[in-house]
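Subject: Structure handover

Hello,

Here is the structure I promised to pass on. Please open it alongside this note. My findings follow below.

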Amino acid sequence: MSAPFRGSNRGLGIEFYRGATAYLSHINAQGGVNGRRIEILPLDDGYDPERAVRNTITLVREHQVFALFSYVGTPTATRVLPLLKRFEDDDVLLLFPLTGAHNLREPPYGRFVYNLRESYRTEAQGLVDHLVAVGRTRVAVFYQEDAYGRSGWDGVRRALKGYGLSMAGEASYRRGAEDQGEFEGQVRLILQARPQAVITVGTYGACAAFIRQARDAGLDAPIAGVSFADADNMLNILQDDSARAGRDYTRDLVFAQVVPSYEDLTLPAVGLYRRLMDSRAQMPPDGLAEAYTPNRFSFVSFEGFLNAMLLAEAVRRMPPEPRRSDLASALESIRDFDLGIGEPVSFGRNRRQGLSRVYFVTVRDGLLVPIRDWNAWWLR
């Protein structure tokens, strides 16, 4: 696993890792899968593509890992794709990365990647569909200036085009901006567009800073974000900002998610996730990660948890003496597998996408809750 365990986006890597280890440590304590323990070897890439490439070479050549698992980020995962082709004869696959970029889902590299989560295009389509349905047709985009941001930007553009619309305005920022970054110029561009809604495609720190500065500058339109924005950590920042400023920066927010709410106790996987996060979740090894206060529960850790459940099922379907070359056929044998979230998972020879639903949440009383009615008060 190559992910950011240091730097401004470390919350993504740490929460993804914690969720996966919560399930895998539970399975290992029961004797593993077919008598084999499943261990994650994490390496920090700081959300830097070049370091992700170096980590991948190290993992494959030096550590001879069985698979690449739960990488975090579009710029990093995208840069690794040519390596998967290079390691094709070694049967190296990338499993369930935290990215919705479309180039991981199409030729020439899509055959080396198995995705559990839906794409940014689908998330953007859902956001635009709902916004247009309630009359919000002037949509602006604030996005990260890299493969991730462009992927989400393109998803919004395509979705709007389907309605005969174009973006009302756009503004971008360089990857690496933190929650104290200055976005005066970007806010000014968005305000000039007079949007009825803004969709953000960025990381939680940068998006939180943009939201705070946009609200201070008078932007009153709803602001939306895609799943990678990490709504839980963004909410933590905005709640702290709200307390300091004496105003509410958490109003009129909506986030697309690729897994259901971790508060939905009607789902079997949620109950298991919550119990194991409290008893089995692990922080990254000492010295790997910078200081970080974890969330008890989060959408990112729940996604990591589901990734681990699916990984264990794939291993369970492999021969007693598993080889890398057995992994693809094991994954492709998964049909209508019940993860306990109300949507079955299926893979196949030409199907590398496990789930197909997108969920939407907003902030109410300091919590992230599902949106039941898009005509409700928050879209006033």
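Strands β11 (residues 359-364) and β12 (residues 367-370) run antiparallel and are joined by four bridges. Keep in mind that this is a predicted model.

**Helices α9 and α10**

Next, the helix pair. Helix α9 covers residues 268-279 and helix α10 covers residues 299-316. Their axes come within 11 Å and cross at roughly 105 degrees. Angles of 65 to 115 degrees count as roughly perpendicular, so α9 and α10 are roughly perpendicular to each other.

Which residues of α9 and α10 meet? From α9 come A269, V270, L272, Y273, L276 and M277. From α10 come S301, F302, F305 and L306. By class, this contact has nine nonpolar residues, one polar residue and no charged ones.

**Aromatic pairs**

The rings deserve a separate look. The structure holds 19 aromatic pairs. Two of them are described here.

Take Y262 and F297. Their ring centres are 6.4 Å apart and their planes stand at 40 degrees, so the pair is tilted. Y262 lies in the loop between β10 (253-257) and α9, while F297 lies in the loop between α9 and α10. The pair therefore ties together parts that are 35 residues apart in sequence. The cut-off for buried is under 20%.

Now F360 and W374. Here the ring centres are 5.4 Å apart and the planes stand at 80 degrees, so the pair is edge-to-face. F360 belongs to strand β11, and W374 to the segment after β12. This pair thus ties together parts that are 14 residues apart in sequence. Both F360 and W374 are buried.

**One aromatic cluster**

Finally, Y23, Y262, Y273, F297, F299, F302 and F305 form one aromatic cluster. The tilted pair of Y262 and F297 belongs to this cluster. Also among its members are Y273, F302 and F305, which take part in the contact of α9 with α10.

Best wishes

Note on methods. Residues numbered from 1 in each chain as written. Predicted model: local features only at pLDDT ≥ 70, side-chain atom pairs only at ≥ 80, totals over all residues. Heavy atoms only, no water. Axes fitted to C-alpha atoms, helices over the stretch in contact; angles between N-to-C directions. Helix = DSSP H or I, 4+ residues; strand = E, 2+ residues; numbered from the N terminus. Parallel < 35°, antiparallel > 145°, perpendicular 65-115°, else oblique. Contact = heavy atoms within 4.5 Å. Nonpolar A, V, L, I, M, F, W, Y, C, P; charged D, E, K, R; others polar. Pairing = 2+ DSSP bridges. Phe/Tyr/Trp six-rings, centres within 6.5 Å; stacked < 30°, edge-to-face > 60°. Buried < 20%, exposed > 50% of the residue type's maximum accessible area, 1.4 Å probe, protein only.
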